[in-house]
Amino acid sequence: MPGRWAIVGAGACLLVACGDRPYDPRGVDHDETLLSVSATGEAETRPDEARFQAGINNWASTAREASAETGADIEEIVAALKQQGIAEENIQTRTVGVQRIDWGDRKGQFQASNVVAVTVRDVDKTGAAVTAVTEAGANIVGGPDLRMSNPEKAANSAYGAGYKAARARAKAYAEAAGMEISRVLSIRDAGGAQGNRYLPGAVPTAPPPVVGPGYPMAEQSMDASNPVVVGQTNSAVAVQVDFALVPK
């Protein structure tokens with residue numbers, strides 16, 4: 001009987017030795033070493049469109065009168081935008097409001113507001129559009145927010161730069177360890193930012209705080225004599241890449 005158990009035990013050991021190695025969920029083979037690398041990539045792109053808000057605040061003794069004046073004024077502002085070549089579909093009402101003033105010098109009067117959001121498809125015409133609404137009587141002007149009409153396309157070069165940086169870093173690690181890159185196991189998009197816009201990654205995470213242009217409902221006027229300087233918008237993304245390394 002003892003001899004029989006000895007044979008069975010030896011057979012079990014032999015099966016384990018001859019069988020496949022246990023599966024590694026990380027994807028590496030028994031002769032490979034896993035290397036996880038994080039890197040960032042950046043790209044500069046010239047914005048090709050601008051968005052800003054323009055509107056009017058009026059005060060009168062009655063809500064009806066304040067609303068009527070504001071409605072007439074916003075029509076002039078919209079007409080001025082159309083004269084600048086801004087299509088109607090690129091002008092959208094953002095806020096309309098009427099409120100009674102219970103404080104200050106205008107106590108007892110009514111304030112009516114109407115604000116439109118404007119998209120300028122030719123970014124170089126932004127300054128002229130802002131000047132036009134100001135001359136038409138707008139006393140609420142906010143922005144502009146300079147951006148790319150195709151943000152994903154603008155960020156593609158940053159994604160590529162991020163992967164190249166990750167591979168270069170992995171190569172440096174491999175050489176220091178006397179190894180070389182065998183293959184890529186996985187690539188994870190960790191998201192990033194494009195100007196003041198959040199670029200989501202593959203794994204949902206809380207976006208970083210974004211500080212953009214404010215649009216206060218108060219008397220405000222942009223200096224129409226100042227040109228809009230378009231400049232460049234930075235796209236910055238992060239990637240995480242898993243590499244398999246093997247001995248040289």
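## Salt-bridge tour

Select Arg183 and Asp29: their side chains meet in a salt bridge at 3.9 Å, N to O. The term means a side-chain nitrogen of Lys or Arg within 4 Å of a carboxyl oxygen of Asp or Glu. This pair links distant parts of the chain, 154 residues apart. Arg183 sits in strand S6 (residues 179-194). Asp29 sits in the loop between helix H1 (2-18) and strand S1 (33-45). Helices (H or I, at least four residues) and strands (E, at least two) are DSSP runs, numbered from the N terminus.

This is a predicted model, where local features need pLDDT of at least 70 and side-chain atom pairs count only at pLDDT 80 or more, while totals for chains, interfaces and linings use all residues. Residues are numbered from 1 along each chain as its sequence is written, and side-chain values use heavy atoms, with hydrogens and water left out.

Color by accessibility. Arg183 is partly exposed at 32% relative accessible area, and Asp29 is partly exposed at 42%. Buried means under 20%, exposed over 50%, partly exposed in between (1.4 Å probe, protein chains only).

Next, select Glu49 and Arg121. Their side chains form a salt bridge at 2.8 Å, N to O. Glu49 lies in strand S2 (residues 49-60) and Arg121 in the loop between strand S4 (110-120) and helix H3 (126-135), so the pair ties together parts 72 residues apart in sequence. Glu49 is buried, at 2% relative accessibility.

Last stop: Arg100 and Asp102. Their salt bridge spans 3.2 Å, N to O. Arg100 is partly exposed at 46%; Asp102 is also partly exposed, at 46%.
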